[in-house]
Amino acid sequence: MERALTELAGLLRQAGLRVSPAELGDAAKALALVGVDDRATVRAALESALVKRERDATTFRRLFDLYFGGAAALLADVERGLLARLRDEGAFDPATLEMIAWEIRNRGMSALAAAAVDGDAATISSLLRGAALQV
């Protein structure tokens, strides 16, 4: 959960909210007190620790929902990459898998698609952060 808090704080900072290390510590303590089983309770605890100005509450809620609504789950297993998953599942013989890899890499694709194919979590995380800021 510490990693998730740090990443959320980074998103909040990029969106213009001021989040100090002390406030991040307070957020971690709040979660230790309330637990992480109920999403609404977690959101309320983090909001009370990290949001100082009412005008920032909407931004916090949007970023919280974006991050904990799927972005973290997406990144959790992305390191293997699409091709590695196909190989591990044994869905294709090695020659066919090489042909698929060549086709994927030699067709124009977005940076996000290329990162997903290769299992580049850092690029995916960066692209998702950029998208979150545009929200």
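1. On one side of helix 2, Pro21, Ala22, Lys29, Ala32 and Leu33 are exposed, where exposed means over 50% relative accessible area, buried under 20%, and partly exposed in between (1.4 Å probe, protein chains only). Helices are DSSP runs of H or I with at least four residues, numbered from the N terminus.

2. This is a predicted model, in which local features need pLDDT of at least 70 and side-chain atom pairs count only at pLDDT 80 or more, while totals for chains, interfaces and linings use all residues. Residues are numbered from 1 along each chain as its sequence is written, and side-chain values use heavy atoms, leaving out hydrogens and water.

3. The buried residues of helix 2 include Glu23, Leu24, Ala27, Ala30 and Leu31. Seen down the helix axis, the buried residues fall within an arc of 115 degrees (taken from the directions from the axis to the C-beta atoms), so they line one face of helix 2. They pack against helix 1 and helix 3.

4. Just after helix 2, Gly35 has a positive phi of about 80 degrees.

5. Beyond its neighbours within four places in sequence, Leu12 is in contact (heavy atoms within 4.5 Å) with Leu17, Val19, Leu50, Phe60 and Leu63.

Technical notes
Helices (H or I, at least four residues) and strands (E, at least two) are DSSP runs, numbered from the N terminus.
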